[in-house]
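Me: I have a structure open and would like to go through it piece by piece. Can you help me with that?

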Amino acid sequence: MAKIPDPLRTRWIPDPNGAKNSRSTDPRSGSRQIFVIRRGSRGGARSDPSFTDFFLDQHAPLELARSSFLSEIQNHFGLGKFISDIGFQAMRVFMALLMVFWALVSLEGVISHGVQPLSRIAIHKTVFAVDDHAFIKASPSVLGIKEQNKEWVTLEYSNPRPSNDDWIGVFSPANFSSSTCLPENPRVGPPFLCTAPIKYQYANYTSPKFKDTGKGSLKLQLINQRSDFSFGLFTGGVSNPKLVALSNAVAFANPNAPVYPRLAQGKMWNEMTVTWTSGYDISEAEPFVEWGPKGEEQKRSPAVTLTFDRNSMCGAPARTVGWRDPGFIHTGFMKELWPNSAYSYKLGHKLFNGTYIWTQTYQFKASPYPGQNSLQRVVIFGDMGKDEYDGSNEYNNFQRGSLNTTKQLINDLKNIDIVFHIGDICYANGYVSQWDQFTSQIEPIASSVPYMIASGNHERDWPGTGSFYGNMDSGGECGVLAETMFYVPAENRAKFWYSTDYGMFRFCIADTEHDWREGTEQYKFIDHCLASVDRQKQPWLIFLAHRVLGYSSNDFYAYEGSFAEPMGRDLQKLWQKYKVDIAMYGHVHSYERTCPVYQNICTNKEKFFYKGSLNGTIHVVAGGGGASLSEFTTIQPKWSISRDFDYGFVKLTAFDHSNLLFEYKKSRDGRVYDSFRISRDYRDILACTVDSCPSMTLAS
């Protein structure tokens, strides 16, 4: 449930029938928000129990909403006799209610997806009720003395009137009062708090006797996020928060330090990019990356710098209580790399007083050239999200698989060459601070191997912004965060489709949040990406996308009867024509593998060891990276070979041009729970199959 930051005495009720499906083209069948206007006495200070609630479905057509509202007014005020029988005062009330209605309709954009834990906090209701007998103290006050970018803080606190609903919020910047926040427009003031906390935890989390003694302690992990921190002790739960005590400020020794490097392949096979975040604008320091072959002379390459402001966001909460300054995002380019060679690098900023700010030294292996015959290992998953090592921030247990997936990848990093995270990256849903939390979590991975991403509904979707789906899953981010925080070799990052080569692999990455249907710009890109690969040199052709454009027996797809995204299989003839080996998706939070399939028919009866031509494409759903799991339909279709209701990820290993190993591993233990092999020659790729034979002539 997401609270509406709105003083109009409204609340929203979750639709029990729409808890999962936020990806349908029919807006009435997604996550539904139902507004409730609680009409009260004059001035709206108290609710009158003699008045009934008026329910307004957020996704109802506007004309229907208008008519329903007017009907309610007619019933309540006796407007059947129309305006002639209404006194002047009743007319004023009528007009006031109309204003409430229009304000309510305009506030559609302030509701984030209800799964974001921070959306549980009713920031708009916060009351300052500081109690001289309550306190909260944080130590140490200076963090990162040894240049570390994450550190644990100990909180000691006391409340003379404790309850089990008392909680502690972590705020950054430390001054989080409404005086620091500008209103959205001249007629709308800010809430009592300018911003949502970065994370929170209940006061009794590690102090079970807190309710009896009023005293407690808690350890929380902070990461360097370019500003200081403070901790607030609240009563009233998250629905009616009252601030009773505020801590001292805590800060990292250098809050502006460069942090959280993330590698990505460049537009050329022999180019590696590195993106990082800092608090240094180019007017303060020159960003660069110092790099070179491991153990040899290093050189410096300048980095480009991007950022964005609140006005770049498309709606709330990203534009309101979820906003936090993102700092500056820098990208350096390391070019003309030798294939499969080891390189080292470190990030630097040269201040204009001549001082240098450095990170530690990192290492990576350059990509193999297209067609190179060497061992190549690829990890693919979707929908991982982020989680907190200190247990905070998870009011509804949404992304508990995230840390396990991260841990398994870190443990096996020496056996991974490149990672693809195919959409629904961190589920910030408009709470901008969470992108820092995510990049910190994946730093051990992304600083060592290319971390390639695809766009998902929780990165891009927002009404009226050009996304193919008109829902509100991005929380107002409308793609800006994903497009800026991570580099991808796309021609235009606002159109998040691209191709990348890794040795014997060709990857075609689609953007399901933009139209992919035949005749569109993206369809032409996909056609070209699949058609332009030389299969003799790069035999392994992989299609990646966030939403399931192929096959899935997830329950919400089954209920629609499509067993995939509606219109998703518009691409099926391209997969068949160009003999795509594997199409892989996220969005559904579980694992499923199909047989090689075309037009709902299995084209190969084998399940675990494929020899020769597949005659179709194997479709895999690998959306169990960490977010809450998705149910399957009770009936398993014939094309569905393997299903698993658990967290996990996929690993592809190309041994050479003829042999590929597919493994599905569970995040809980890293063990293989499903696998298959493909063994074939180039002539098997050339062989004709249904709808994939080129034209022939009888001429000799």
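**Contacts, cores, rings and disulfides**

Reply: A polar contact of 2.9 Å joins the side chains of E518 and K573. Keep in mind that this is a predicted model.

Me: OK, where is E518 then?

Reply: E518 is in the loop between β26 (505–509) and α9 (521–531).

Me: And which residues is E518 in contact with, leaving aside its neighbours within four places in sequence?

Reply: Y523, D570 and K573. Take D570: it is 52 residues from E518 along the chain, but the C-alpha atoms of the two are separated by 6.8 Å.

Me: Switching topic. How many disulfides are there?

Reply: A search of the whole structure finds three disulfides. In general, a disulfide is a covalent bond between the sulfur atoms of two cysteines.

Me: Which cysteine is joined to C314?

Reply: C478, with an S to S distance of 2.2 Å. The angle about the S-S bond is 80°, and the link of C314 and C478 is right-handed. This pair links distant parts of the chain, 164 residues apart. C314 is in the loop between β17 (299–306) and β18 (328–334), and C478 is in the loop between α7 (457–460) and α8 (480–485).

Me: Are C314 and C478 buried or partly exposed?

Reply: One of each. C314 has a relative accessible area of 34%, so it is partly exposed. C478 is at 7% and counts as buried.

Me: What about C508, what does it bond to?

Reply: C508 forms a disulfide with C529, and their sulfur atoms are 2.0 Å apart. The link of C508 and C529 is left-handed, with -95° about the S-S bond. C508 lies in strand β26 and C529 in helix α9, so the pair ties together parts that are 21 residues apart in sequence. C508 is buried at 1% relative accessible area, and C529 also counts as buried, at 1%.

Me: Which two cysteines form the disulfide that is left?

Reply: C595 and C602, with their sulfur atoms 2.0 Å apart. The torsion about that S-S bond is about -85°, so the disulfide is left-handed. C595 is buried, with a relative accessible area of 2%, whereas C602 is partly exposed at 33%.

Me: What pattern do the disulfides follow?

Reply: Counting the bonded cysteines along the chain, the pattern is 1-2, 3-4, 5-6.

Me: Now the inside. How many residues are in the largest nonpolar core?

Reply: 70 residues. Those with the most contacts inside this core are F420, Y451, F507, I582, M584, L652 and F662. A second, separate core has 27 residues, including C508, F525, L530 and V580.

Me: Next, rings. How many aromatic pairs are there?

Reply: The structure holds 31 aromatic pairs. One of them is F288 with Y356: the ring centres are 6.1 Å apart and the planes are at 80°, so the pair is edge-to-face.

Me: Where do F288 and Y356 lie?

Reply: F288 lies in strand β16 (residues 285–293) and Y356 in strand β20 (residues 356–358), so the pair ties together parts that are 68 residues apart in sequence. F288 counts as buried at 7% relative accessibility, and Y356 counts as partly exposed at 31%.

Me: Why is the pair of Y343 and F364 stacked?

Reply: Because the planes are at 15°, with the ring centres 5.6 Å apart, and planes under 30 degrees apart count as stacked. Y343 is in strand β19 (residues 342–351) and F364 in strand β21 (residues 362–365).

Me: Last one. Which ring does the charged end of K346 sit over?

Reply: The ring of W358, 4.2 Å from its centre. Elsewhere, R262 lies over the face of F486, at 5.7 Å from the ring centre.

Key
Residues are numbered from 1 along each chain as its sequence is written. Side-chain values use heavy atoms; hydrogens and water are left out. Helices (H or I, at least four residues) and strands (E, at least two) are DSSP runs, numbered from the N terminus. Contact means heavy atoms within 4.5 Å. A polar contact is a pair of N or O atoms within 3.5 Å; within protein, one must be able to donate a hydrogen and the other to accept it, and residues adjacent in sequence count only if both atoms are side-chain atoms. A nonpolar core is a set of buried Ala, Val, Leu, Ile, Met, Phe, Trp, Tyr and Cys residues joined through side-chain atoms within 4.5 Å. Buried means under 20% relative accessible area, exposed over 50%, partly exposed in between (1.4 Å probe, protein chains only). Rings of Phe, Tyr and Trp (its six-membered ring) pair if their centres lie within 6.5 Å; planes under 30 degrees apart count as stacked, over 60 as edge-to-face and the rest as tilted. A charge sits over a ring if NZ of Lys or CZ of Arg is within 6 Å of the ring centre and within 35 degrees of the ring normal. A disulfide is a pair of cysteine sulfur atoms within 2.5 Å.
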